[in-house]
Amino acid sequence: MSPNLGNKEVELDKATMIVSETDAKGNIIYANDDFCKIAGYTKGELIGKPHNMVRNSFMPKAAFKDLWETVKQGNTWNGIVVNATANGGYYWVNATVFQSKTVSGDIRYVSVRTKPTKQEINWAIENYPTLDKKMGL
Ligand SMILES: Cc1cc2nc3c(=O)[nH]c(=O)nc-3n(C[C@H](O)[C@H](O)[C@H](O)COP(=O)(O)O)c2cc1C
């Protein structure tokens with residue numbers, strides 16, 4: 001059975017690269033054109049908002065707990081994420097998230113996302129529904 005992820009899938013193409021940058025708290029401070037195009041928001045609507053504005057309720061809490069623990073330690077997180085679009089659709093990405101520092105030493109986080117494989121999506125569809133319980137969340 002396929003899960004309810006939203007009303008319509010927006011598929012990335014191979015050349016799509018969705019990039020965003022957040023401050024230390026996860027508020028969006030940069031979004032590229034592909035992010036706007038796929039998610040259906042203008043830059044003005046994204047900048048200054050918490051990154052959970054594109055959260056899809058299918059995503060387990062455990063994935064984001066792991067993401068934040070990893071990047072706060074200065075390590076790189078890679079995972080499969082499904083996000084929500086502005087008009088109730090959804091899009092799957094393979095995300096790589098890492099810490100970055102400004103010249104003055106302020107902490108930032110960057111996420112770069114490309115098209116995932118069918119196998120990666122199927123793996124997430126199979127495993128995410130039970131992940132929080134497995135992780136005690
Ligand atoms: C650089 C960066 C990019 C992120 N990108 C996403 C994203 O695309 N989708 C998403 O749901 N959460 C993303 N997050 C995680 C959110 O900050 C948040 O933890 C998550 O949406 C869960 O929301 P909640 O903490 O309110 O439960 C990102 C975090 C960082 C640091």
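A residue is classed as buried if 20 or more other C-beta atoms lie within 10 Å of its own, as exposed if 12 or fewer do, and as partly exposed in between, with C-beta atoms placed from the backbone. The model is predicted: local features need pLDDT of at least 70 and side-chain atom pairs count only at pLDDT 80 or more, whereas totals for chains, interfaces and linings use all residues. Residues are numbered from 1 along each chain as its sequence is written.

N4 is exposed because 9 other C-beta atoms lie within 10 Å. N4 belongs to the segment before β1; helices (H or I, at least four residues) and strands (E, at least two) are DSSP runs numbered from the N terminus. Between N4 and V54 the C-alpha to C-alpha distance is 16 Å, with 50 residues of separation in sequence.

P116 occupies the loop between β5 and α4 (118-134). P116 is buried because it has 21 C-beta neighbours inside 10 Å. Its contacts (C-beta atoms, placed from the backbone, within 7 Å) are I80, W92, V93, N94 and I121, leaving aside residues up to four places away in sequence. For V93, 23 residues from P116 along the chain, the C-alpha separation is 5.4 Å.

The ligand is surrounded by 17 residues, the closest being G26, N52, R55, Y109 and S111; a residue is near a molecule if its C-beta atom, placed from the backbone, lies within 6 Å of it. At least two residues of this shell come from each of β1 (18-22), α3 (61-72), β3 (77-84) and β5 (107-114). The shell comprises nine nonpolar, seven polar and one charged residues, where Ala, Val, Leu, Ile, Met, Phe, Trp, Tyr, Cys and Pro count as nonpolar, Asp, Glu, Lys and Arg as charged, and the others, Gly among them, as polar.

Note on methods. Two residues are in contact if their C-beta atoms, placed from the backbone, lie within 7 Å.
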